[in-house]
Amino acid sequence: MKNVYITTTLPYVNSDPHMGHAFEFVHADIFARYKKLSGFNVFFNTGTDEHGLKVHRKALELGRDTQEYVDEYALRFKGLIQALGLTSDINFIRTTDAHHKASTQAFWKLCADNGFIYKKNYKVKYCVGCELEKTDSELIDGKCEFHRTLNIETIEEENYFFKFSEFGEKLLKLYESREDFVVPESRFNEIKAFVSRGLEDFSISRLASKMPWGVPVPDDKSQVMYVWFDALVNYVSAISWPQDMEKFEKFWPVIQFAGKDNLRQQSAMWQAMLMACGLPPSQQIVIHGFITSGGHKMSKTTGNVINPYDIIAEYGTDALRYYIAREVHPFEDSDFTIEKFKESYNANLANGIGNLTSRLLKMTTTYGVELSTEDKKMEYYGEKTPVLNFDAFDIRAEADDIWKAITDIDSDIQRTEPFKKIKTNEEEAKADLHDALLGLYKIALRLAPIMPETSEKILTCIRENKMPEAPLFVRKD
């Protein structure tokens, strides 16, 4: 079997899970399921990023012990695995895990031994929301474009630095050699332009006396690692680098799913860090947009935050997976409101695949129409033929193709009217129903990565020649 390693970014644990997390997790899971069904041995990783100033301040604000605070929030994010129907064997890493800390310290030592870490005094503008240093050109009216409600802070102290400036030419050569290294092309062009303008070394530590919540710097107890340096190493620590090099070499390099606010960190900073350690670069980086609500960024201040747990409790896991797969743009910002969700749910799930399944199975079970044993042995359609939409990470295009097939079957039933024809031409009516049933079976196979629970319910009913015990989706009025 071919091996493939797929990962999400690790969300910060300073707030509850939101729709942006659900978007990234479900997209990565759909791709991971597609690869599994296509015969790959998949290592799928997610987890939580638990260090840094933002997390530490939040715990202090609440009067909580920081470790207890991150333990509680890590459980909320780990709960998304079941809630979102993610593949059950997913790896969940926490940056407070002992093995991750050991890997991070080994990574630091290797970077230092190779001459890419040094110490100096510095003064810089800093966004706590991004946990990133900012130049004046990156600020809008003195604020970070991604965290407009937070004040930019000034940090002045002695820290360790990573020699990012030495990797500009190497990164550009990497980008030139891998035309699809970053997806979509617009984001790839964006990071190429950023690197082409010249790179500056960045701080990779903080004074432990000011910010004690982090991985200690090897051989210097006065410093802890900067959160991005620590968190990025999870991509190799998750597959046991450097403790188990056989496992690492089995799965590396990685396909990374990340939001557009992670572009610089994932496709430039992390790649330079890998180069500094003599490790191969990532395989691909897939960058998605944000989910907004009513045209505005979701925030507690504006009161437009939508909790994925609430959607799942009302509509079910597969309903949310469907909406993310088909109604959310894979690469650009998309709007999510309860009204839009409900409209799509009723039209495409309750009145779409749900209604078609009920109508068709009622006719086939009533008139004794079944698929052949050979038909029922059919496995996932992408096992031998790659699915171009998925391989291009265009999950929405694949979902659109599936729903076109659903509409086509429904139209064929309306046109041929087997429910009427059965009285005058039984043989032809049964042939029409058989074709429709086979089409639905293939659709259910195609739905497996996107809506695994719905897929399995339909396949079971067809294989056992029975009606669903309950409607797949109940209309919401």
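**View 1. Strand β14 and the two directions of its side chains.** V254, Q256 and A258 point one way from β14, while I255, F257 and G259 point the other way, and all are buried (under 20% relative accessible area, with exposed over 50% and partly exposed in between; 1.4 Å probe, protein chains only). In a regular strand, side chains alternate between the two faces of the sheet. Six of the six residues of β14 (residues 254–259) are buried, so the strand is largely enclosed by the rest of the structure. Strands are DSSP runs of E with at least two residues, helices are runs of H or I with at least four, and both are numbered from the N terminus. The model is predicted: local features need pLDDT of at least 70, side-chain atom pairs count only at pLDDT 80 or more, and totals for chains, interfaces and linings use all residues. Residues are numbered from 1 along each chain as its sequence is written, and side-chain values use heavy atoms, with hydrogens and water left out.

**View 2. Neighbours of β14 in the sheet.** Strand β1 (residues 2–7) pairs with β14 in the parallel sense over three bridges; two strands pair if DSSP finds at least two bridges between them. Y5 has V254 of β14 as its bridge partner. Strand β15 (residues 284–288) runs parallel to β14 and is joined to it by five bridges. Here F257 stands opposite V286 in β15. Together, β14, α11 and β15 make a right-handed β-α-β unit: with the strands pointing away from the viewer, the path from the first strand over the helix to the second runs clockwise.

View 3. Six strands, in the order β3-β2-β1-β14-β15-β9, form an open sheet with parallel pairing. Its edge strands, β3 (91–94) and β9 (182–183), each pair on one side only. Two bridges join β9 to β15, and V182 has I285 of β15 as its bridge partner.

**View 4. The second largest pocket.** This pocket holds about 930 Å³ of space. On a 1 Å grid over the protein atoms alone, a pocket is an open set of points where a 1.4 Å probe fits, with protein on both sides within 12 Å along at least five of seven lines; lining residues have an atom within 4 Å of a point. Grid points are joined across faces, edges and corners, and the volume is the space filled by probe spheres set on the points. The lining has 35 residues, with E133, T135, E138, F194 and R264 nearest the centre. Elements giving two or more residues to the lining are β4 (117–127), β5 (132–134), α7 (185–196) and α11 (263–276).
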